[in-house]
Number of protein chains: 2
Amino acid sequence: MVSRSGQRRVRTYAAAGVSRSRQATAIAALLANAGYRAPPASGRSISLPGHYAGLIRIGRETIAITTDTVGTKTILAESMGRWEEIGVDAVAVNVNDLASIGARPAGLVDVISCRQPDPNVFEQIGRGIYRGLEAAKCSLLGGETAIVPELLHGVDVGGTAIGFFPNGRNPVTGNRIRPTDVLLGIPSTGLQSNGFTLARRIASESGVSLRSPREGATQSLGEELLTASRIYVAASESLAGQNGTVGFAHISGGGVRNLPRLRRGVQFVLDRWPRPFGIFQWLKEAGGIDLTEMYQTFNMGIGFVVVVRAAAAASALRRLWRAGYADTLIVGHVAPGHGVTMPHFGVDYSSYS
Amino acid sequence: MVSRSGQRRVRTYAAAGVSRSRQATAIAALLANAGYRAPPASGRSISLPGHYAGLIRIGRETIAITTDTVGTKTILAESMGRWEEIGVDAVAVNVNDLASIGARPAGLVDVISCRQPDPNVFEQIGRGIYRGLEAAKCSLLGGETAIVPELLHGVDVGGTAIGFFPNGRNPVTGNRIRPTDVLLGIPSTGLQSNGFTLARRIASESGVSLRSPREGATQSLGEELLTASRIYVAASESLAGQNGTVGFAHISGGGVRNLPRLRRGVQFVLDRWPRPFGIFQWLKEAGGIDLTEMYQTFNMGIGFVVVVRAAAAASALRRLWRAGYADTLIVGHVAPGHGVTMPHFGVDYSSYS
């Protein structure tokens, strides 16, 4: 959702029976009214359509800010009594958005809202936050804990992260993307933090217990679904500021439909994106979900996409390898046209919506 | 709550049956684990015990960050079908915390979590956010809307704000506060965003309908309770950087017990703080609440306290008058000792806890 008032992420669930048009009307009503822009003495906000991070010029620095929650993945954590992954995810959802604009994460504030403060749960979430922050090299700057049983059924975990552009680095916005550019995909660790309402419904209707493995897996289904998100900060850091690097996309809610947000007027051809495998293949089969729905709900195995000039692809792969992403794949290229196409799957999206 | 991992606000409700010791154990478990501090290349976080804002040095700027929600005031908004005040409050809870450290607000991201997106509700919240941002001269940089019926009963509204210190201004931390300093109090508009669990319980047990006025009032009780928070940014801006200004306190959750957070080893003597009046007097009487509980739950008519050198008090009052706070009162002074005392009420707190 993009508007004059900045970037807005919408986390929603068709499965929950929310009408998309009612939601769009509501968000539009919010944004049409809320979008105040302050005089320059309070910093100059920078409009960046399509991106999840807001940008503002403060004095001599440009600060990026992003806010997000883990969403309903916490319901699964509660079922399993495992919370460390949720802590990692609360960091990941935010710092990976900063990474997607080439900002270096600096600090995070977390927000945990719950009915009852359980010391064991909080300890696990704390360990996960530490793991996530360490991977992102991002300091904890504070947080809020809200014990609000009247507002909440479960536990809501999220945060806000700020980042910056060291040494005069420019934001990586995608506005230089052009046909012939190459798309590199860095694998995810699983569902990360998206698609959980659908995934939990499929799991519960499948008859497979969360405590036992699905066919073909070794760990339990619940543990597999809970796997902590991968953090892509080091990938962004290794490539931001390189001339051949022209775009980053965090494949979060909306799946591959995140790509057209980087740049309109070109087509993202994902002709080498992996076929559904592992947990994604199982969800597709168990749920009877078609590929169009799968690729716009889940990350389908790739959590972060890097767009590079064709001539820079080999050096970018080497840099990613050195940064700890030796499993990066070439997943496609940019062509004339618009939207996203996955020709070998017969999947086609015209835009992010 | 203060710890090595930075600032943490805890919003809780004794009325909701949450054990304070269990809560303290849980928060301690979170903080003992979560507090990662990044290497300097990611910015240098600045430890500032006692304050609600986190600080980090990024390049050539110091950035302040604060996160908070409106809490259960939204339950009252829902009962009344009025939401604009909640939008103002979502800004106020955050920018007033920035004001309390002398940071100029630059940008806000809002987070609205709800069961169903109601366009009318969102429009009203949007209008309120705009009003709040305009009063704070703070830009909207983005936000998140989470439609999560499985997690929420009601509507949760909050945000995160960032601010900065223009022209080399130093943070106002309270560490120079000393006996003989004078305490100036700027009135609140009512409950602002704190004490709503208790206030709603008193209102519901009082037999007074939210739709009709309490004794002595003209507007309905619901409207009176909902009154939007006052924003103190212009007060902070008019005094931060002045040599005689040594502290600011946002009187939020914890009431006057926020004062000792500014400085230990001195006593805040509130011998001229107003007696309970208006809605506060009514809540005290209707609920049979003692003064000690009242002054640590509600702001009791003063939303922001400025600590100045005695010699600077007159000029500070003039500056506040010009900035739009002509109703500022002298509410007390600083003395040797510790904690907060209200000698004419027989109320005494040894610390913020």
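Trainee: How many residues does the contact take from chain A and from chain B?

Mentor: Please keep in mind throughout that this is a predicted model. The contact takes 86 residues from chain A and 86 residues from chain B, and on the side of chain A that touches chain B these divide by class into 41 nonpolar, 28 polar and 17 charged residues.

Trainee: Which element of chain A gives the largest share of the side that touches chain B?

Mentor: That element is H1(A), from which 11 residues come. Several elements of chain A supply at least two residues each to this side, among them helix H1 (20–34), helix H4 (119–136), strand S6 (104–114) and strand S7 (139–147).

Trainee: What rotation superposes chain A on chain B?

Mentor: The general idea is that two copies of a chain are related by a rotation about an axis and a shift along it. Here the rotation is 180 degrees, the shift along the axis is 0.0 Å, and chain A is superposed on chain B with an RMSD of 0.0 Å. The two copies are therefore related as by a two-fold rotation axis. Within chain A, the C-alpha nearest the axis belongs to Leu152(A), at 2.3 Å from it, and the same surface serves both copies, since 100% of the contact residues of chain A recur in chain B.

Trainee: What ipTM and pTM does the predictor give the complex, and where in chain A is the pLDDT below 50?

Mentor: For the complex, the predictor gives an ipTM of 0.92 and a pTM of 0.93. The mean pLDDT of chain A is 92, with 94% of its residues reaching 70 or more. The pLDDT is below 50 over residues 1–6 of chain A, a stretch that has 17 contacts in the model beyond near neighbours in sequence.

Trainee: How many helices and strands does chain A have, and why is chain A called as compact as a globular protein of its length?

Mentor: Chain A has 10 helices and 15 strands. Its radius of gyration is 20 Å, close to the 20 Å that the globule rule gives for 353 residues, so chain A is as compact as a globular protein of that length. Along its principal axes, the C-alpha trace of chain A spans about 50 × 50 × 45 Å.

Trainee: At what angle do helix H3 and helix H4 of chain B pack?

Mentor: Helix H3 (residues 84–99) and helix H4 (residues 119–136) of chain B pack at an angle of about 35 degrees, with their axes 6 Å apart, and the crossing of H3(B) and H4(B) is right-handed. Their contact includes Val88(B) and Val91(B) of H3(B) and Ile129(B) and Leu133(B) of H4(B), and by class it has 10 nonpolar, five polar and four charged residues.

Trainee: Is the crossing of H5(B) and H8(B) left-handed or right-handed?

Mentor: H5(B) passes H8(B) in a left-handed crossing, with an angle of about 60 degrees and the helix axes 9 Å apart. Ala199(B), Ile202(B) and Ser206(B) in H5(B) meet Leu283(B), Ala286(B) and Gly287(B) in H8(B), and the residues of this contact divide into four nonpolar, two polar and no charged.

How values were computed. Residues are numbered from 1 along each chain as its sequence is written. Chains are lettered from A and ligands numbered from 1 in the order in which they are written. This is a predicted model: local features need pLDDT of at least 70, side-chain atom pairs count only at pLDDT 80 or more; totals for chains, interfaces and linings use all residues. Copies are superposed by least squares on the C-alpha atoms of residues with pLDDT of at least 70 in both. Two residues are in contact if their C-beta atoms, placed from the backbone, lie within 7 Å. Axes are lines fitted to C-alpha atoms, for helices over the stretch in contact, and angles run from 0 to 180 degrees between N-to-C directions. Helices (H or I, at least four residues) and strands (E, at least two) are DSSP runs, numbered from the N terminus. A crossing is left-handed if the near helix is turned anticlockwise from the far one by less than a right angle, and right-handed if clockwise. Ala, Val, Leu, Ile, Met, Phe, Trp, Tyr, Cys and Pro count as nonpolar, Asp, Glu, Lys and Arg as charged, and the others, Gly among them, as polar. pLDDT is the predictor's confidence in each residue, from 0 to 100. The radius of gyration is taken over C-alpha atoms; the globule rule is 2.2 Å times the number of residues to the power 0.38.
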